[in-house]
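Thanks, everyone. I'll keep this brief and go through salt bridges, helix packing and one surface patch. Please have the viewer open.

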Amino acid sequence: MSINFSNIPSNLRVPLFYAELDPRFANTTPIAQRGLLVGQMTAAGTYTPGVPVQLTSVADGIAGAGAGSVLAGMIQAWRENDKTGEVWVLPISDAGAATAAAGTLTITGTATGSGTIPLYIAGTKVSVAVAVGDTIAAIATNVAAQINAALVPVTATAAAGVVTLTARNKGLVGNEIDVRLSYLGSAGGETLPAGVAVAIVALTGGATNPTITTQLAALGDKTFDFIVSGLNDATSLDALKALQLDTTGRWSPMQQLYGHVFTAARGTAGTLATLGVGRNDQHLSIIGFNDSPSPFWVWAAAIVGQAAVSLRGDPALPLQYLTVSGVLAPPIASRFSIGVRNSTLLYSGISTWQVDASGNIVIENIITTYVTNSQGNNDNSYLEVETMFTLMYVLRFMRSRIETKFGRMKLAADGTRLIAGSKVVTPSSIRADQIAAYRELEEGGYVQKSDEFAANLIVEKDANTPNRVNVLWPGTLIEQLRVFAMLVQFRLT
């Protein structure tokens with residue numbers, strides 16, 4: 001057997017001991033699976049718009065994005081669920097021609113009893129103390145002060161008993177901001193003080209989202225496996241689709257950066273189904289909901305933050321039954337039934353969730369929006385998001401394996417007479433290594449049916465390019481246990 005050294009010359013006459021290091025088989029460091037939060041900042045933030053930056057802490061993130069901004073809300077929601085994972089942010093400025101959504105709170109009556117106004121803005125509770133005898137002007141002033149002191153996505157001004165709310169970020173996101181009273185209801189101890197009434201006019205009028213194509217280009221060749229978008233308009237999702245394309249984007253053979261885009265959307269089952277089918281993108285997941293106090297960007301960041309913890313540990317492990325923090329569930333009457341979730345949403349590319357006995361959001365099934373293939377036929381090839389993350393893992397594993405073992409090798413045809421240990425590979429030796437690598441993946445629980453793989457694997461020299469090897473890799477990915485069906489044939493005696 002001939003041992004080939006890279007640094008120790010063969011003509012040494014000076015004795016005795018020489019050693020060189022070869023770390024190719026010692027590296028066990030996994031690739032960094034970063035999160036990326038794409039969202040609007042405010043002018044008060046210290047981040048440079050359009051420049052990706054690593055998040056160092058929630059406090060720094062809020063200061064960088066601007067308190068109450070969409071991006072700040074995403075940062076908080078992510079970190080409630082993923083405490084330690086690496087996450088970056090891509091701060092986006094409001095569009096220059098954008099307008100901010102606005103709404104009002106109109107206070108009427110005079111307080112005949114003390115208490116607290118249980119106000120919820122974008123899912124954050126803003127408690128306003130009321131004393132006996134407080135007038136509408138005094139109450140409105142206090143409401144505005146409490147809102148401005150809270151980390152919520154609106155600012156407030158008060159005049160003559162009317163509180164005007166203005167979204168901190170301009171554009172369509174402002175129309176998403178939910179304002180309501182007494183989310184927990186009287187059963188949860190949330191009632192208005194006696195003699196006081198509050199009329200709410202929802203925020204409307206937000207228009208013109210920023211474009212993000214240039215900002216996405218600033219990501220360069222850095223990998224981001226979990227991309228959460230705080231913009232869910234068609235133009236923004238189109239830009240993210242272009243970023244991920246199999247042909248020219250991050251999933252293309254020339255880039256091999258991979259990653260997956262997540263967002264959320266509020267709407268009826270029919271509206272959401274139309275949205276999902278219309279996107280039809282295997283690199284995008286949309287979490288659907290209706291009538292929740294929490295805005296869509298918080299839903300997306302919280303759920304993906306929780307999912308990222310699991311996917312980093314095992315990309316093939318199903319995400320179902322993971323409990324999510326930081327999101328307020330819709331009232332019972334507004335939750336989608338199992339029939340709607342199964343027959344409408346999950347067959348239209350919309351991801352679903354449940355609510356546990358404590359009122360927490362629990363992941364049910366995160367799917368992609370890929371519904372039909374290029375021929376228009378129903379296609380479940382890319383249905384589950386775990387499939388996409390398992391593919392990422394397997395492709396990266398195979399690339400690392402090939403580059404480590406065959407990075408600097410000569411290529412010979414099968415049947416060539418070679419000295420053992422020479423730096424020459426043949427299609428047959430590559431094939432044998434591919435089979436061995438596949439069995440390692442099988443033992444790790446990422447693929448299955450290694451005998452079928454070995455029988456169908458093809459490795460051959462290219463007929464026209466002598467220094468190229470072509471491989472047909474017929475792998476079968478591991479699957480997730482989704483359904484346990486039992487026919488109970490009980491007896492009575």
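**Salt bridges and helix packing**

Searching the whole structure turns up 16 salt bridges. Keep in mind that this is a predicted model. I'll take three of those pairs.

Start with Arg312 and Asp82. Their side chains form a salt bridge, at 3.1 Å from N to O. This one links distant parts of the chain, 230 residues apart. Arg312 sits in helix H7, residues 296-313. Asp82 sits in the loop between H2 and strand S3, which spans 87-92. Now, buried or exposed: what is Asp82? Asp82 is buried, because its relative accessible area is 2% and the cut-off is under 20%. Arg312 has 25% relative accessibility, so Arg312 counts as partly exposed.

Next pair. Arg266 bridges to Glu176, and the closest N and O atoms are 2.9 Å apart. Again, distant parts of the chain are linked, here 90 residues apart. Arg266 belongs to strand S12, residues 260-266. Glu176 is in the loop between strand S8 (162-167) and strand S9 (179-181). On accessibility, Arg266 is partly exposed at 24%. Glu176 counts as buried, at 12%.

Third pair. Arg401 and Glu440 make a salt bridge, with 2.7 Å between the closest N and O atoms. Which elements does this pair tie together? Arg401 lies in helix H9 and Glu440 in helix H10, so the bridge connects parts 39 residues apart in sequence. Arg401, at 14% relative accessibility, counts as buried. Glu440 is partly exposed, at 40%. There is also a network here. Arg401, Lys405, Asp433 and Glu440 are joined by salt bridges that share partners.

That takes us to the helices themselves. Two packed helices are described by the angle between their axes and the distance between the axes.

Stay with H9 and H10. H9 covers residues 385-406, and H10 covers residues 427-444. They pack at about 140°, with axes 11 Å apart.

Glu384 is buried, with a relative accessible area of 12%. Glu384 and Ala316 are 68 residues apart along the chain, and their C-alpha atoms are separated by 9.9 Å.

Now H1 and H2. H1 is residues 58-65, and H2 is residues 70-81. Their axes come within 8 Å and cross at roughly 165°. That angle is over 145, so H1 and H2 are roughly antiparallel to each other. H1 passes H2 in a right-handed crossing. Remember Asp82 from the opening pair: the loop that holds Asp82 runs between H2 and strand S3.

Last item, the surface. Which residues form the nonpolar patch? Phe484, Met486, Val488, Phe490 and Leu492 do. Together they have about 690 Å² of accessible area. Take Phe484 as the example. Phe484 is found in the segment after strand S22, 476-477. Phe484 has a relative accessible area of 67%, over the 50% cut-off, so Phe484 is exposed.

That's my tour. Questions are welcome.

Notes. Residues are numbered from 1 along each chain as its sequence is written. This is a predicted model: local features need pLDDT of at least 70, side-chain atom pairs count only at pLDDT 80 or more; totals for chains, interfaces and linings use all residues. Side-chain values use heavy atoms; hydrogens and water are left out. Patches are made of residues with over 30% relative accessible area and no salt bridge: like charges are joined within 9 Å, nonpolar side chains (Val, Leu, Ile, Met, Phe, Trp, Tyr) within 5 Å. Accessible areas come from the Shrake-Rupley method with a 1.4 Å probe; for residues, only the protein chains shown count as cover. A salt bridge is a side-chain nitrogen of Lys or Arg within 4 Å of a carboxyl oxygen of Asp or Glu. Helices (H or I, at least four residues) and strands (E, at least two) are DSSP runs, numbered from the N terminus. Buried means under 20% relative accessible area, exposed over 50%, partly exposed in between (1.4 Å probe, protein chains only). Axes are lines fitted to C-alpha atoms, for helices over the stretch in contact, and angles run from 0 to 180 degrees between N-to-C directions. Angles under 35 degrees count as roughly parallel, over 145 as roughly antiparallel, 65 to 115 as roughly perpendicular and the rest as oblique. A crossing is left-handed if the near helix is turned anticlockwise from the far one by less than a right angle, and right-handed if clockwise.
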